[in-house]
Amino acid sequence: MSVYRETSPSALTDRSRSIALGAAPVSIWRFLSGFGSGYFVISGLVAVLGSTLPTMGLPKGEAVSLGTLLALFVYVPICLFMFSTTRPWRDGLALLMAGIGLIALAKLV
Amino acid sequence: MIRATEEFRRAMNWAHTWLGVALGGVLFAVFWMGSLTVFDSEIDRWMIPETRVAPSEQAVSYDRLLALMPKAAVGSDYVNFVAPEERSRTVTLFYRGADGTFHDFHLDPVTGQEIGVTDSLAGTGFIYPFHHTLTIYWASLGMWIVGFAALAMLILLVSGLYIHRKIIAEFFVFRPRRKTRRATLDLHNLSSLVGLPFYFLITFSGLLTFGFYYLPWGVAEPFGGDTDALYAETAGAFQPGDRTGRPASLASVDAMKQEAESLWSSEEGVKVEANIIRVLNHDDESAVVYFRNTFPKDRVVLSEYVAVFDGASGKLLQNFSLPPIGHASAWVQGAHFMQFDHWPLRWLYFLGGLGGCVMIATGLLFWLKSREGKLAANSIEYRLVEALTIGSVTGIIVATGAFLVANRLLPHDAFFLGEGRAELEVQVFWLSWLAALIHATLLRDRSWKQQCLLIAALAFSAVMLNALTTGDHIFAALAGGQWGVAGMDGILMLAALSAIWSANKLASKTNADNFATLAPVE
């Protein structure tokens, strides 16, 4: 049975509204997680790539340039994901932990 | 699966609406100033008439320019020449004074003499920096705001694609005679889709240009936090040693330039020219001379080569060329800067930028029109967005017009409240923008038409004032080969006519809407 058949149009609208709008604290959390934690993630990603790719023979400057290019491709989907997830608290925390983890990893490398 | 898609679409609609409303004003300002920046050199020629010099075929001698440069520049730790080109025919000299402040001069490329110019920041000094910093320099706040807005723009573009499901059908639909709300949405969709690849390119490349500034920790960490090492490896930056205090004369800078260009040309297989010539630690044993091809005319990529020579001996110290990934990144940035020599593409960039302005303005208008019935017209949120929309759209155009008119009206020695002439022009811009915002807040819907008429008056006055104060009216400019000046006048005339047309349309639309409101409901 398809998901569509399980959900009446009115139920769909109500549920969608709860995902899209949510209460103000949830909206703020989505925003902060997407842009804020996302920033930590891409900063950590650039640093990790800049530190690890040279061990595979890529010059450090090139590794950092590549990391910066990729970071911009990653940042937008992160923000879009945080705007659309049905579990913003859990996913926002996971994103924050990922950012902290990447930064810690970059420091270790 | 369908449920997930529908939910995602609604979430995207929410993000699209609120990011657009919150940042539409900033995005419009950035797109507007970016569109003007495409012609920043032409704006410079218009606002600083003394630089409308004839093009010179004679090669510039930097040895001569160094010998003739102002006394205050001798011994400076940073002396920088920007070579002349077709769009900017004088040599620009920057140097850092003993007190750390920068000074700039225009030099005649033939005689090397300083040209006394109108004190104005013009296009390259105000409009271009406004585009990426909003000229808010405290803690680089403006650059961060613009970066955030650019990221939001990418999210708006992606989310916009999701929420407009009938994307192909909507591309062909524009119904200007339908209700304002419908016509606004049609125009928003049309302007979005026509320029979509351009908006992606321009926003992404803008973010990438300042990627190293926006991610300072991430890019410096692999170098142990040493940013000098980072920029040396990625951009060929060179740090000279400390000044020794022992004066020394420079070897021939022209000979060094020739050597740098021949090295680059042999590597590239075609002629490559240096357009940045920089002397660090001038008049000292530790002096170095630095050459770069920042804005080549025959290729998209920026700053492909850097060569550094020892100042005293003229010996090559460093020859840097961009490695492959850096080259790709510099190509994307070059596609944003659009400094290569391609006039049809330059005009397309300008039109693309204006298309972005239309897209943003119609997005804001659609928010207002779709809430006219739902929100009380006097609610704070509605009035706030309304004032910000009018202030951001026609307000910044009014301010730009006032900036140009002030440039032609202020006396050469203008000085007021500790501000020089160039700063006063900028103050006129900000005060006009503020006045437009207040006007929009007070007069609401009626201010659209009045501000359109004001734009027309300012644009027309600017053309007249240029003719009266410089003698270079559009026909004289055309006859004298001053294409940039004639183009500026032509664009201003077109702007005036468009503003009058818009004012008339707005008047008839308002009347029609009022009539519709008064008509009995059947």
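Chain B holds an open sheet of eight strands in the order β4-β3-β2-β1-β5-β6-β7-β8, with antiparallel pairing. Strands pair if DSSP finds at least two bridges between them. Helices (H or I, at least four residues) and strands (E, at least two) are DSSP runs, numbered from the N terminus.

This is a predicted model: local features need pLDDT of at least 70, side-chain atom pairs count only at pLDDT 80 or more, and totals for chains, interfaces and linings use all residues. Residues are numbered from 1 along each chain as its sequence is written, chains are lettered from A and ligands numbered from 1 in the order in which they are written, and side-chain values use heavy atoms, with hydrogens and water left out.

**The sheet**

- Strands of a sheet pair through backbone hydrogen bonds, either parallel or antiparallel.
- β4 (114–115) and β8 (316–321) of chain B stand at the edges. Each has a single partner strand, so one side of each is left without a neighbour in the sheet.
- β2 (residues 91–96) and β3 (residues 102–107) of chain B run antiparallel and are joined by six bridges.
- B:L93 stands opposite B:F105 in β3(B).

**Chain B against chain A**

- Contact (heavy atoms within 4.5 Å) takes in 40 residues from chain B and 45 residues from chain A.
- The buried area between chain B and chain A is about 3700 Å², with 79% from carbon and sulfur atoms. Buried area is the accessible area (1.4 Å probe) that two parts lose on being put together, summed over both.
- One salt bridge is found across the interface of chain B and chain A. A salt bridge is a side-chain nitrogen of Lys or Arg within 4 Å of a carboxyl oxygen of Asp or Glu.
- In a salt bridge, the side chains of B:E221 and A:K107 meet at 3.7 Å, N to O.
- Six residue pairs (both at pLDDT 80 or more) are in polar contact across the interface of chain B and chain A. A polar contact is a pair of N or O atoms within 3.5 Å; within protein, one must be able to donate a hydrogen and the other to accept it, and residues adjacent in sequence count only if both atoms are side-chain atoms.
- Elements that give two or more residues to the side of chain B touching chain A include α1 (2–37), α5 (141–163) and α13 (324–337) of chain B.
- The largest share of that side, eleven residues, comes from α1(B).
- The side of chain B that touches chain A has 29 nonpolar, five polar and six charged residues. Here Ala, Val, Leu, Ile, Met, Phe, Trp, Tyr, Cys and Pro count as nonpolar, Asp, Glu, Lys and Arg as charged, and the others, Gly among them, as polar.

**Domains of chain B**

- Chain B is assigned domain 1 (1–48 + 121–235), domain 2 (53–119 + 236–324) and domain 3 (372–515). The bounds come from an automatic or database domain assignment.
- The C-alpha centres of domain 2 and domain 3 of chain B lie 39 Å apart.
- The contact between them takes four residues from domain 2 and nine residues from domain 3 of chain B.
- Domain 2 and domain 3 of chain B bury about 460 Å² between them, 37% of it on carbon and sulfur atoms.
- B:R89, B:T118 and B:D119 of domain 2 lose the most area to domain 3, together 90% of what that side buries.

**Backbone angles**

- Most residues other than glycine have a negative phi.
- B:T135, not a glycine, has a positive phi of about 55°. B:T135 lies in the loop between α4 (122–133) and α5 of chain B.
- B:D283, also a residue other than glycine, has a positive phi near 60°. B:D283 sits in the loop between β5 (276–280) and β6 (288–292) of chain B.
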